[in-house]
Amino acid sequence: MEPSVRVEVIGREAIVVHPVGDIDYSSLDPLREALLDARVAGVRDIVVDLAQVSFLDSQGLAVILFAHQRQRSAGGRLALRNLNEDAYRLLHVTNLTSVIEVDHGGATAAASGLATRRGA
């Protein structure tokens with residue numbers, strides 16, 4: 001499966017990024033570019049929905065962590081949603097479950113949660 005990323009705008013300053021396929025050293029560019037484009041555009045709140053990701057390696061996780069740090073330093077947030085068992089295990093083993101927010105709700109919950117956090 002060719003890696004790709006779809007970006008869903010859910011508010012003026014909020015998006016959901018939907019990567020598809022494997023996220024590993026050979027397929028990082030679409031995700032990296034989508035997350036960087038969001039930051040450059042001034043998006044404050046990003047949810048990365050991993051429902052269609054079949055594999056996530058440590059380099060893919062590093063791209064997500066770097067984007068998370070950029071968002072936090074700019075006063076925004078990045079959360080992960082729909083992690084498969086292997087991706088969640090990778091976050092847990094690296095102790096990143098205490099660093100990166102894992103959203104256990106659906107699209108509506110994420111959108112309302114983002115709006116609530118922004119005080120909308």
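Angles under 35 degrees count as roughly parallel, over 145 as roughly antiparallel, 65 to 115 as roughly perpendicular, and the rest as oblique. Axes here are lines fitted to C-alpha atoms, for helices over the stretch in contact, with angles running from 0 to 180 degrees between N-to-C directions. This is a predicted model, in which local features need pLDDT of at least 70 and side-chain atom pairs count only at pLDDT 80 or more, while totals for chains, interfaces and linings use all residues. Residues are numbered from 1 along each chain as its sequence is written, and side-chain values use heavy atoms, with hydrogens and water left out.

As for confidence, pLDDT (the predictor's confidence in each residue, from 0 to 100) averages 87 over the protein, and 86% of the residues score at least 70. Residues 107-120 stay under 50, and the model gives this stretch 16 contacts (heavy atoms within 4.5 Å) beyond four places in sequence.

Now to the helix pair, with helices (H or I, at least four residues) and strands (E, at least two) taken as DSSP runs numbered from the N terminus. Helix 1 (residues 29-40) packs on helix 2 (residues 58-73) at an angle of about 5°, the axes lying 10 Å apart. The two helices are therefore roughly parallel to each other. Helix 1 brings Leu31, Arg32, Leu35, Leu36 and Arg39 to the contact, and helix 2 brings Val63, Ile64, Ala67, Arg70 and Gln71. Sorted by type, these residues come out as 6 nonpolar, 1 polar and 3 charged; Ala, Val, Leu, Ile, Met, Phe, Trp, Tyr, Cys and Pro count as nonpolar, Asp, Glu, Lys and Arg as charged, and the others, Gly among them, as polar.

Next come the cavities. A cavity is a set of points, on a 1 Å grid over the protein atoms alone, where a 1.4 Å probe fits but cannot get out, and lining residues have an atom within 4 Å of a point. There are 2 cavities of 30 Å³ or more. The largest holds about 60 Å³ of space, and Leu50, Val53, Ser54, Phe55, Leu56, Asn84, Asp86 and Ala87 line it. Strand 4 (52-56) and helix 3 (85-93) each give two or more residues to that lining, with strand 4 giving the most, 4 residues.

The second largest cavity has a volume of about 40 Å³, a volume being the space filled by probe spheres set on the points. Its lining includes Pro3, Val20, Ile23 and Leu31. Strand 2 gives the most here, with 4 residues, and the lining divides into 7 nonpolar, 2 polar and 1 charged.

Notes
On a 1 Å grid over the protein atoms alone, a cavity is a set of points where a 1.4 Å probe fits but cannot get out, and a pocket is an open set with protein on both sides within 12 Å along at least five of seven lines; lining residues have an atom within 4 Å of a point.
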